[in-house]
Amino acid sequence: DVCSSDLPTLIVASARLTGDAHQNHEDLLATACACYAVLLAAHARGLASFWQTPRILQSAEGQAAVGMGADEAFVALLHLGPAVEQPTAKPRQAAARYVEFLD
């Protein structure tokens with residue numbers, strides 16, 4: 001297992017809120033997608049990574065501690081660092097066993 005102390009780089013991701021409920025929702029989802037892209041890019045470069053949402057960063061005190069403004073919504077804490085070892089691939093069933101293509 002990789003624990004957070006093993007990964008020295010932390011990225012706090014947040015979405016700036018506009019005041020418009022629909023735009024805020026869209027921006028939160030887009031920020032989450034961007035976070036996932038960062039994790040994929042880290043993996044492609046051989047880094048270990050994981051996404052965390054600590055409760056403290058969902059509070060005003062925690063957000064202030066990391067420099068988030070009142071107009072931001074916390075999305076993720078991304079942990080990045082050198083991979084210690086490559087995990088062994090898990091056996092998987094053939095996709096044809098659980099995928100159905102519609103005509």
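A nonpolar core is a set of buried Ala, Val, Leu, Ile, Met, Phe, Trp, Tyr and Cys residues joined through side-chain atoms within 4.5 Å. The views below show a predicted model.

**View 1. The largest nonpolar core of the predicted model.** Nine residues form this core: A13, A15, C35, L39, A42, V75, A76, L78 and L80. Two or more of them are given by each of β1 (9-16), α1 (21-44) and β3 (72-82). Strand β3 supplies the largest share, with four residues. In soluble globular proteins, nonpolar side chains tend to be buried together.

**View 2. Surroundings of C35.** When neighbours within four places in sequence are set aside, the contacts of C35 are A13, W51, V75, A76 and L78. C35 is a member of the largest nonpolar core and is one of the buried residues of α1.

**View 3. Helix α1 and its cover.** The helix comprises 24 residues and spans 35 Å between its first and last C-alpha, close to the 34 Å expected at 1.5 Å a residue. Its buried residues are N24, T31, C35, L39 and A42. An α-helix has 3.6 residues a turn, so residues three or four places apart point the same way. The cover over the buried residues of α1 includes β1, β2 and β3. After α1 comes G46, which has a positive phi near 85°.

View 4. W51 lies in strand β2 (residues 47-52). With a relative accessible area of 32%, W51 is classed as partly exposed, because this class lies between the buried limit of under 20% and the exposed limit of over 50%.

Conventions: Residues numbered from 1 in each chain as written. Predicted model: local features only at pLDDT ≥ 70, side-chain atom pairs only at ≥ 80, totals over all residues. Heavy atoms only, no water. Buried < 20%, exposed > 50% of the residue type's maximum accessible area, 1.4 Å probe, protein only. Contact = heavy atoms within 4.5 Å. Expected span 1.5 Å × (residues − 1).
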